[in-house]
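This report covers helix packing, the nonpolar core and a few individual residues. The sequence and structure come first.

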Amino acid sequence: MLDAFQLPFIQRAALEIVLLAPLAGILGAQIVLRHLAFFTHGVGVAAFPGLVVAGPLGVPPAVAALGVGGGFAALLERSHRSRRLGADTATALLVVFALALGVILASDVFESGSEVDQLLFGSLLAIGTAELLGTALALTLALAAAAFARRVWIAIAFEPQSGAALGLPVVLADRLLLLTIAVATISALAAVGALLVSAILVIPAATVRLFAPTVLSLELGSAALALLVGLGGLLLSYELDSPPGGTIAVIGGVVFGLALLLRAFGPRLTTGSHRSSRR
């Protein structure tokens with residue numbers, strides 16, 4: 001199975017996963033702690049219409065996706081501060097609209113250069129230099145943003161009112177986090193597609209969150225798990241001739257399910273074993 005890494009397209013796909021894994025650690029932890037999983041999924045879906053029209057309009061896909069996804073993120077940032085319309089409601093409405101618009105454009109209006117299934121579920125095995133550079137830039141932005149605002153992000157995650165009380169730049173840090181998540185989401189689209197971006201940026205962090213005692217352990221564990229699940233899904237998809245994005249998402253979901261069961265029943269099993277040993 002490891003012989004697959006001798007193939008150039010597998011090497012590029014593996015490098016993409018290596019670059020995405022730290023994003024899953026740095027941003028995945030904040031996504032889980034700040035309850036931004038639906039927002040992250042929404043940005044990925046919102047970029048779908050931009051990807052559809054990019055080819056026919058002669059616009060680089062990443063630029064089109066970032067423009068549409070960034071606009072979506074800005075609208076949601078405004079909705080977060082609205083008392084009349086909740087963030088979840090706004091996200092759901094915009095996700096449905098973006099997905100429907102993308103399907104209509106792909107089927108009748110524009111002839112997309114890529115297949116719709118690749119846009120929705122990714123094409124990890126077709127990763128090229130441009131996609132790798134885009135992910136590297138997203139990782140650089142995430143590292144810079146974390147260096148500037150990580151302390152504020154953590155403070156707000158656990159005590160939403162503490163940031164302002166401590167004189168921290170809460171609004172700026174919030175907007176920087178949402179922008180960084182949007183850029184990271186766009187960079188992951190080539191690998192896992194618009195519908196499966198959570199497989200990299202959310203599921204590993206959600207899994208590790210069940211056991212991590214500190215934010216640092218959550219970040220490091222999320223990055224490590226994203227790397228393992230990503231590379232494992234890549235190799236398994238090569239052996240089974242299955243879509244890499246979907247395979248990674250399934251493995252991630254299975255690992256999360258097992259972790260959830262262990263979290264729920266592990267203490268009972270431990271207690272039962274202690275009782276048996278006493279007898």
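## Basis and terms

Axes are lines fitted to C-alpha atoms, for helices over the stretch in contact, and angles run from 0 to 180 degrees between N-to-C directions. This is a predicted model, in which local features need pLDDT of at least 70 and side-chain atom pairs count only at pLDDT 80 or more, while totals for chains, interfaces and linings use all residues. Residues are numbered from 1 along each chain as its sequence is written, and side-chain values use heavy atoms, with hydrogens and water left out.

## Overall makeup

The protein chain has twelve helices and zero strands; helices (H or I, at least four residues) and strands (E, at least two) are DSSP runs, numbered from the N terminus. Buried residues account for 46% of the 279 residues in the protein chain. Buried means under 20% relative accessible area, exposed over 50%, and partly exposed in between, with a 1.4 Å probe and protein chains only.

Contact means heavy atoms within 4.5 Å. Among contacts in the protein chain with a separation of 6 or more, 76% are between residues 24 or more positions apart.

## Packing of α1

Helix α1 (residues 8-33) packs with helix α6 (residues 129-158) at an angle of about 20°, their axes being 9 Å apart. That angle makes α1 roughly parallel to α6; the classes are roughly parallel under 35 degrees, roughly antiparallel over 145, roughly perpendicular from 65 to 115, and oblique for the rest. The contact of α1 with α6 has 19 nonpolar, two polar and three charged residues. In this classification Ala, Val, Leu, Ile, Met, Phe, Trp, Tyr, Cys and Pro count as nonpolar, Asp, Glu, Lys and Arg as charged, and the others, Gly among them, as polar.

With α8, α1 packs at an angle of about 145°, and the axes are 11 Å apart. On the α1 side the residues are E16, L20, L23, L27, Q30 and I31, and they meet L177, T180, I181, A184, S187, A188 and A191 in α8. By class, the contact of α1 with α8 has nine nonpolar, three polar and one charged residues.

T180 is placed in α8 and counts as buried, with 2% relative accessibility. Leaving aside neighbours within four places in sequence, T180 is in contact with L27, L141, A142 and A145.

## Nonpolar core

A nonpolar core is a set of buried Ala, Val, Leu, Ile, Met, Phe, Trp, Tyr and Cys residues joined through side-chain atoms within 4.5 Å. The largest one has 75 residues, of which L23, L27, L124, W153 and L201 touch the most other members. Helix α8 (residues 170-192) gives the most to this core, with 13 residues.

Beyond its neighbours within four places in sequence, L124 is in contact with A13, E16, I17, A190, A191, L234, P244 and I248.

## Individual residues

S217 lies in helix α11 (residues 215-240) and is partly exposed, at a relative accessible area of 24%. S217 and G25 are 192 residues apart in sequence and 9.4 Å apart in space, C-alpha to C-alpha.

Most residues other than glycine have a negative phi. H35, not a glycine, has a positive phi of about 60°; H35 is in the loop between α1 and α2 (37-57) and counts as exposed, at 72% relative accessibility. D241 has a positive phi of about 55° and is not a glycine either. D241 lies in the loop between α11 and α12 (244-278), and at 74% relative accessibility D241 counts as exposed.
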